Amino acid sequence: MSDNAVDQGKRTWLIATSCAGAVGGVATAVPFVSTFAPSERAKAAGAAVEVDVSALQPGEKLTVEWRGKPVWVVRRTPEQLAELAKMDAQMADPASDRKAYPIPEYAKNTHRSIKPEFLVVIGVCTHLGCSPSDKFVAGPQASLPDDWKGGFLCPCHGSTFDMAGRVFKNKPAPDNLEVPPHMYLSDAKLLIGEDKKA
């Protein structure tokens with residue numbers, strides 16, 4: 001047997017082994033790479049949430065879940081709305097100009113909403129992620145100033161927010177409550193998670 005015949009056999013074996021390895025590698029990689037795609041459950045968790053606000057009365061709050069976070073929809077009273085403009089000087093960021101997270105253009109106003117009577121915010125304190133409590137009743141209360149006009153109090157470290165979710169000055173929370181993207185499908189239907197019509 002010549003050296004040429006032995007070398008030819010080794011080459012055939014090497015090519016066959018390499019092809020088998022490549023096929024095996026692709027067969028292993030395809031299922032692995034497909035695990036990077038979000039699951040149906042994950043897709044649903046990030047999906048927009050439709051909310052019926054027709055039954056919400058002035059002074060009431062509705063909580064829904066979007067992306068694993070509580071989103072508050074508050075229907076403010078005319079009195080609560082009237083106080084907002086008077087409180088700008090007490091707020092750390094009255095016009096929501098800080099860039100800690102994206103603020104929709106329709107929330108860069110005193111009432112921080114599309115429709116003044118409805119506040120839509122993520123109910124998570126911007127300090128360490130606690131959930132503030134409702135303190136809608138005006139007047140002196142424990143842990144609140146005597147001239148309290150209504151809003152939210154974070155029980156963890158004492159940050160206070162007005163009825164527009166704006167944080168008061170000199171509080172641990174660095175930013176206002178986050179406004180999620182949202183839009184109105186009708187007078188009674190609110191869509192949280194999207195703000196652009198297709």
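Trainee: Is Arg 166 buried or exposed, and what makes it so?

Mentor: This is a predicted model, so every value here is computed from predicted coordinates. Arg 166 has a relative accessible area of 0%. Buried means under 20%, so Arg 166 is buried.

Trainee: Where in the chain does Arg 166 lie?

Mentor: Arg 166 is in the loop between strand 7 and strand 8 (182-184).

Trainee: Why is the pair Arg 166 and Asp 88 called a salt bridge?

Mentor: The closest N and O atoms of Arg 166 and Asp 88 are 2.6 Å apart. The cut-off is 4 Å between a side-chain nitrogen of Lys or Arg and a carboxyl oxygen of Asp or Glu, so the pair counts as a salt bridge. The pair links distant parts of the chain: Asp 88 is in the loop between helix 3 and strand 4, 78 residues apart from Arg 166.

Trainee: What accessibility class does Asp 88 get?

Mentor: Partly exposed, with 30% relative accessibility. That class covers values between the 20% limit for buried and the 50% limit for exposed.

Trainee: Which network do salt bridges that share partners form?

Mentor: They join Asp 88, Asp 162 and Arg 166 into one network.

Trainee: Which backbone oxygen does the side chain of Arg 166 reach?

Mentor: That of Leu 84, at 2.9 Å. Polar contacts need N or O atoms within 3.5 Å, and the 2.6 Å between the side chains of Arg 166 and Asp 88 is a polar contact too.

Trainee: Which residues are in contact with Arg 166 when neighbours within four places in sequence are left aside?

Mentor: Among them are Met 87, Met 91, Asp 93, Thr 110, Phe 161 and Asn 176.

Trainee: What makes Asp 93 buried?

Mentor: Its relative accessibility is 8%. The limit is under 20%, so Asp 93 counts as buried. Asp 93 is placed in the loop between helix 3 (78-84) and strand 4. The side chain of Asp 93 reaches the backbone nitrogen of Asp 97 at 2.9 Å. Beyond its neighbours within four places in sequence, Asp 93 is in contact with Arg 98, Arg 166, Val 167 and Asn 176.

Trainee: How do you know that Cys 130 and Cys 156 form a disulfide?

Mentor: Their sulfur atoms are 2.0 Å apart. The cut-off is 2.5 Å, so the pair qualifies. By this rule the count comes to one disulfide.

Trainee: Which parts of the chain does the pair link?

Mentor: Cys 130 is in the loop between strand 4 (118-122) and strand 5 (133-135), and Cys 156 is in the loop between strand 6 (151-153) and strand 7 (160-161). The two cysteines are 26 residues apart.

Trainee: Why is the disulfide of Cys 130 and Cys 156 called left-handed?

Mentor: Because the torsion about the S-S bond is about -105 degrees.

Trainee: Which accessibility classes do Cys 130 and Cys 156 get?

Mentor: Cys 130 has 19% relative accessibility and counts as buried. Cys 156 has a relative accessible area of 39%, so Cys 156 is partly exposed.

Trainee: Why is Cys 125 in no disulfide?

Mentor: The nearest cysteine sulfur, that of Cys 154, is 3.8 Å away. A disulfide needs sulfur atoms within 2.5 Å, so Cys 125 is left out of the count. Cys 154 is in no disulfide either, its nearest cysteine sulfur being that of Cys 125. Cys 125 is buried at 4% relative accessibility, and Cys 154 is buried at 2%.

Trainee: Why do strand 5 and strand 7 stand at the edges?

Mentor: The open sheet has three strands in the order 5-6-7, with antiparallel pairing. Strand 5 and strand 7 each have a single partner strand, so one side of each is left without a neighbour in the sheet.

Key
Residues are numbered from 1 along each chain as its sequence is written. This is a predicted model: local features need pLDDT of at least 70, side-chain atom pairs count only at pLDDT 80 or more; totals for chains, interfaces and linings use all residues. Side-chain values use heavy atoms; hydrogens and water are left out. Helices (H or I, at least four residues) and strands (E, at least two) are DSSP runs, numbered from the N terminus. Buried means under 20% relative accessible area, exposed over 50%, partly exposed in between (1.4 Å probe, protein chains only). A polar contact is a pair of N or O atoms within 3.5 Å; within protein, one must be able to donate a hydrogen and the other to accept it, and residues adjacent in sequence count only if both atoms are side-chain atoms. Contact means heavy atoms within 4.5 Å. Two strands pair if DSSP finds at least two bridges between them.
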